[in-house]
Amino acid sequence: MPVWCAYLVLYICVFMFGIVIGSFLNVCIYRYPKKESLLKGSHCMECGYHLRWYDLIPLFSFLILRGRCRKCHAKLSLQYPLVEGMNGALYVIVFLANGFNVMSVIYCLLTSALIVLSLSLIHI
């Protein structure tokens with residue numbers, strides 16, 4: 001396998017990890033200012049439908065459901081895919097700029113923290 005192909009696979013993995021973390025960031029952004037638990041299951045804000053595992057696949061579930069709740073068809077906020085995608089893309093950018101090392105991991109975590117802090121201030 002060519003080296004560029006191996007790096008492509010690594011960057012795809014970094015992006016996928018970034019969107020998974022981005023999904024958790026959305027939970028933090030929404031629940032932290034309201035002092036809600038970060039540990040309870042995800043649910044529709046309109047009807048209270050408890051989301052199943054297949055409704056929680058970052059980016060892809062939003063696209064498959066066309067941005068609506070599976071049960072009540074209420075429109076979901078664009079914030080969810082935007083935060084997930086932005087976090088994944090920023091993780092890739094950090095690793096492209098710094099290489100695959102411990103500092104890149106720290107920079108990624110700091111990037112995620114800044115996203116949560118910035119968007120939490122908007123929701124207050």
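This is a short walk through one protein structure, from its overall layout to a few single residues.

Hello everyone. A word on the ground rules: this is a predicted model, in which local features need pLDDT of at least 70 and side-chain atom pairs count only at pLDDT 80 or more, while totals for chains, interfaces and linings use all residues. Residues are numbered from 1 along each chain as its sequence is written, and side-chain values use heavy atoms, with hydrogens and water left out.

Let's start with the whole protein. Its secondary structure comes to four helices and zero strands, and along the sequence that reads α-α-α-α. Helices here are DSSP runs of H or I with at least four residues, strands are runs of E with at least two, and both are numbered from the N terminus. The C-alpha atoms fill a box of roughly 50 × 30 × 20 Å along the principal axes. Of the 124 residues, 33% are buried. Buried means under 20% relative accessible area, exposed means over 50%, and partly exposed is in between, using a 1.4 Å probe and protein chains only. As for contacts, meaning heavy atoms within 4.5 Å, residues 24 or more positions apart account for 57% of those with a separation of 6 or more.

Now please find helix 3. It runs over residues 79–98, which is 20 residues, and it reaches 28 Å from its first C-alpha to its last, close to the 28 Å expected at 1.5 Å a residue. That expected span is 1.5 Å times one less than the number of residues. Its buried residues include P81, V83, Y91, V92, V94 and F95. Just after the helix, G99 takes a positive phi of about 85°.

Which residues does S104 touch, leaving aside its neighbours within four places in sequence? They are V94, F95, N98 and G99. S104 itself is found in helix 4, and it is buried, with a relative accessible area of 0%.

On to the aromatic rings. A pair of rings is described by the distance of the centres and the angle of the planes. For Phe, Tyr and Trp (its six-membered ring), centres within 6.5 Å make a pair; planes under 30 degrees apart count as stacked, over 60 as edge-to-face and the rest as tilted. How many aromatic pairs does a search of the whole structure find? Six. In one of them, Y7 and F100 have ring centres 6.3 Å apart and planes at 35°, so the pair is tilted. It links distant parts of the chain, with Y7 in helix 1 (residues 3–31) and F100 in the loop between helix 3 and helix 4 (102–123), 93 residues apart. Y7 is partly exposed at 42% relative accessible area, and F100 is partly exposed at 37%.

F100 has another partner. The rings of Y11 and F100 have their centres 5.2 Å apart and their planes at 40°, so this pair is tilted. Y11 sits in helix 1, 89 residues away from F100, and at 18% relative accessibility Y11 counts as buried. Together, Y7, Y11, F95 and F100 form one aromatic cluster.

Next, the largest pocket, with a volume of about 600 Å³. On a 1 Å grid over the protein atoms alone, a pocket is an open set of points with protein on both sides within 12 Å along at least five of seven lines, and lining residues have an atom within 4 Å of a point. Grid points are joined across faces, edges and corners, and the volume is the space filled by probe spheres set on the points. The lining has 28 residues, with S42, L51, D55, L56 and Y80 nearest the pocket's centre. Helix 1, helix 2 (60–64) and helix 3 each give two or more residues to this lining, and the largest share, six residues, comes from helix 1. By type, the lining divides into 15 nonpolar, six polar and seven charged residues. Nonpolar covers Ala, Val, Leu, Ile, Met, Phe, Trp, Tyr, Cys and Pro; Asp, Glu, Lys and Arg are charged; the others, Gly among them, are polar.

Finally, two backbone details. Most residues other than glycine have a negative phi. L59, although not a glycine, has a positive phi of about 65°. It lies in the loop between helix 1 and helix 2 and counts as buried at 18% relative accessibility. R66 is not a glycine either, and its phi is positive at about 55°. R66 lies in the loop between helix 2 and helix 3. Buried or exposed, at 73% relative accessibility? R66 counts as exposed.

Notes: 1 Å grid on protein atoms, 1.4 Å probe; cavity = no way out; pocket = protein on both sides within 12 Å on 5 of 7 lines; lining within 4 Å.
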